[in-house]
Amino acid sequence: MAFSSVAKGSNTASTVSKADRKAALDVGAWLFNVSTSVGIIMVNKQLMANYGFRFATTLTGLHFVMTTLMTVGLRFMGYIQPSHLPFLDLAKFALCANFSIVGMNVSLMWNSVGFYQIAKLSMIPVSCLFEVLFDNIGYSRDTKLSIMVVLFGVAICTVSDVSVNAKGFMAAVIAVWSTALQQYYVHNLQKKYSLGSFDLLGHTAPVQAASLIVAGPFVDYWLSDLRVDHYNFTFAAVFFIVFSCLIAVGVNLSQFICIGRFSAVSFQVLGHMKTVLVLILGFFLFGRQGLSMQVVMGMLLAVCGMVWYGNASSKPGGKEKRVYSLVSDKVPKSIDDEELGVKN
């Protein structure tokens, strides 16, 4: 009896230790993503606003070149092991990712800032739809309501003028669906092929780097009527370009880590913390826009929604895979069935 109690206590301590370790790693992953994402936005604002480098697609290509060099170094040091990712899955991922990048740039150019922000917010419902359709994920009422609170709070912060036109609407639709699908693929491919974040990045970064470096200058010329080869590359501009590329390595890696550990929906919901931080840092660093009472209230509402989402989705039944019966693939089993004595 004493031995059994000691063994049970040891197992409990081990479980708690694993849970604490996972929680610490989760927090670390989020902090890594938030800090690098906010950092790159601040650096890119300096680069584009103060040095006139308006070649966003080409810059993203350079980001993936730097990320590719990082993965080559990690492979040489043994941190990335040989792994297999079918070419068709790799091509689908790269296509969605590149459409996401170009679509977002085009959407921002053709739409008002208000409609652009609404389009970004709609990624959460689209990501939820993918999880429901492809992974049979179910959401509790509290989880759904918390997502709505986050969306409403961020909308108050960011949405002002809202005007839309046909071509801008199509660009936004392409951007939203391709981004949500790309983030779903990050989570799905890691689980499906047992790939770590470094492994998946090692497969995808070279393909994205090659495609964006080739297509980027043409896309940027189409968007801005400016040629990257005519840009005056001063020392300060080159410094910020290199700095942006270095931070982008952390952004790309942390995105894969976070989506791999959580899901695309959780990444989108809690990722709006970055929007709040960008607004605050933009006020202190650039001073162009005051924090009105409306913006402050929106921030508080969004943060409350994020805390609520984290609590609601972690509870049993808050967000989990549905288990379907053997008799019918369309009717999920539930606790209510068992309580009523219904057997499938």
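The conversation below takes up a few residues and elements of this predicted model.

Biologist: Why is Thr-36 called buried?

Modeller: Thr-36 has a relative accessible area of 10%. Buried means under 20%, so Thr-36 is buried.

Biologist: Where is Thr-36 found, and which residues does Thr-36 touch, not counting residues up to four places away in sequence?

Modeller: Thr-36 is found in helix 1, which covers residues 2-51. With those sequence neighbours left out, Thr-36 touches Ile-247, Gly-250, Val-251 and Ser-254.

Biologist: What makes the nonpolar surface patch?

Modeller: Leu-129, Leu-133, Phe-134, Phe-169, Met-170, Val-173 and Trp-177 make this patch of about 660 Å². Helix 5 (123-135) and helix 7 (166-192) each give two or more residues to the patch. Helix 7 gives the most, with four residues.

Biologist: Val-173 lies in helix 7. Why does Val-173 count as partly exposed?

Modeller: The relative accessibility of Val-173 is 30%. Partly exposed is the class between buried, under 20%, and exposed, over 50%. Val-173 therefore counts as partly exposed.

Biologist: How do you know that the span of helix 7 agrees with its number of residues?

Modeller: Helix 7 has 27 residues. The expected span is 1.5 Å times one less than that number, so helix 7 should span 39 Å. The end C-alpha atoms of helix 7 are 38 Å apart, which agrees.

Biologist: Which residue with a positive phi follows helix 7?

Modeller: That residue is Ser-194, with a phi near 55 degrees.

Methods: Residues are numbered from 1 along each chain as its sequence is written. This is a predicted model: local features need pLDDT of at least 70, side-chain atom pairs count only at pLDDT 80 or more; totals for chains, interfaces and linings use all residues. Side-chain values use heavy atoms; hydrogens and water are left out. Buried means under 20% relative accessible area, exposed over 50%, partly exposed in between (1.4 Å probe, protein chains only). Contact means heavy atoms within 4.5 Å. Patches are made of residues with over 30% relative accessible area and no salt bridge: like charges are joined within 9 Å, nonpolar side chains (Val, Leu, Ile, Met, Phe, Trp, Tyr) within 5 Å. Accessible areas come from the Shrake-Rupley method with a 1.4 Å probe; for residues, only the protein chains shown count as cover. A salt bridge is a side-chain nitrogen of Lys or Arg within 4 Å of a carboxyl oxygen of Asp or Glu.
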